[in-house]
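Me: I've got a structure open and I'd like to learn how to read its features one at a time. Can you walk me through it?

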Amino acid sequence: MYASVFTIFTIATTASFAIAAPQVKERSNTTSASCGTVSQRKSWVDLTNDEKTAYLDAEVCLMSLPATAGFPGAQTRWDDLQFAHINSTNVVHDVGGFLPWHRLYMYTHITMLQNECNYTGVQPYWEELLDSSNLTASSIFDPVYGFGGDGNGTDECITDGPFANVTLHLGPIYEVTDHCISRSLNDNAIKWANQTYLDIVFAAQNYSAAWPLFSSWPHTAGHAAIAGVMLDVTCSPGDPIFFLHHTNLDRLWWEWQAMDLTTRLTDMDGQNVPTAEYIAEMGIYNVTDSWLDYDGDNGGNVTTLNHTLSVLGLVPNATIADVMDIQGGLLCYEYV
Ligand SMILES: [Cu+2]
């Protein structure tokens, strides 16, 4: 039953993206000739307590606003945001578009915080390298100036911090159920964020070699180290730590691009359809022919700069070319 609902929904929404959300640039104090005001994305540990509070409050705000997108099962704007990931899962993981799509998704998230919750701060990232030998000591788990700590009991619900009483409505996988934000911290998994693995990733000479390494090591690190909701391939954005984690991954991709910017601003490759093994292992839907006809790559299975990135209208569709440069016009930020 869920399968048919989702299939119909995919076809219906990918065809119409006239719902244009207003675009605002992230705010900060430097300017760029190419995109105007450049937002400085900062490590969580470099925010002041007031800045941390403002960010956490904005996330709580998004979780309290009613859903407006008409997505099945969504009750809040947080659910709307999560649904865009759920519905896209099988075309944005284990594919070349993995990093570009999540770059647009981070932009979607910060844009919603700004437009709908009056957030004026920056998008922080979780510098996982710093915590890669001692996960539980991380300040991101602070109960006041952080996201709360580990889950407890058989359901692994978090019990402290600003999100302790949040009810998620989507998940697991494609189900629609009420549940808590769960975590099961794993000190072993965070090692994949350490320098040994970063060196492996950064040694890749082109995007074709790099994207699977980003996906396997620094990407898996944060998901598996937090676990619970964060280990759900479709629903992981239900835990707000997701956005700090994926912003960090975006930062790492940008740092890799910046090592040879002339080449890497246009270096794209990879498959458009996940492997059969990945789809089976994750329990996600097969990719439909209608998506492959629609995605901008002429029905083929090679990801190009012309590839369409969709967050189901939460912000307008973009192409991969639109997000290759983090100061390219649509995007306007830097990592500090
Ligand atoms: Cu994802």
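Me: Let's start with the pocket: which helices each supply at least two residues of the lining of the largest pocket?
Reply: They are α4, α6 (207-226), α7 (241-258) and α9 (276-282), helices here being DSSP runs of H or I with at least four residues, and strands runs of E with at least two, numbered from the N terminus. The largest share, eight residues, comes from α6. One caution: this is a predicted model, where local features need pLDDT of at least 70 and side-chain atom pairs count only at pLDDT 80 or more, while totals for chains, interfaces and linings use all residues. Residues are numbered from 1 along each chain as its sequence is written, and side-chain values use heavy atoms, with hydrogens and water left out.

Me: How many residues line the largest pocket, and which lie nearest its centre?
Reply: A pocket is an open set of points on a 1 Å grid over the protein atoms alone, where a 1.4 Å probe fits, with protein on both sides within 12 Å along at least five of seven lines; lining residues have an atom within 4 Å of a point. Here 23 residues do the lining, and Ser 215, His 219, Thr 220, Tyr 278 and Met 282 lie nearest the centre.

Me: Now the metal. Which protein atoms are donors of the copper ion?
Reply: Donors are N, O and S atoms within 2.8 Å of the metal (3.2 Å for Na, K and Ca), and since water is not among the atoms, sites may look incomplete. For copper you get the NE2 atoms of His 85, His 93 and His 102, at 2.0 to 2.1 Å. Along the chain their spacing reads H-x7-H-x8-H. His 85 sits in helix α3 (residues 77-92) and His 102 in helix α4 (residues 98-117), so this pair ties together parts 17 residues apart in sequence.

Me: Are His 85 and His 102 buried or exposed?
Reply: Buried means under 20% relative accessible area, exposed over 50%, and partly exposed in between (1.4 Å probe, protein chains only). Both His 85 and His 102 are buried.

Me: How many disulfides does a search of the whole structure find?
Reply: A disulfide is a pair of cysteine sulfur atoms within 2.5 Å, and the search finds three. Cys 35 pairs with Cys 332 (S to S 2.0 Å); the torsion about their S-S bond is about 75 degrees, so that disulfide is right-handed. Cys 61 and Cys 117 are also joined, with sulfurs 2.0 Å apart, but their torsion is about -85 degrees, so the link is left-handed.
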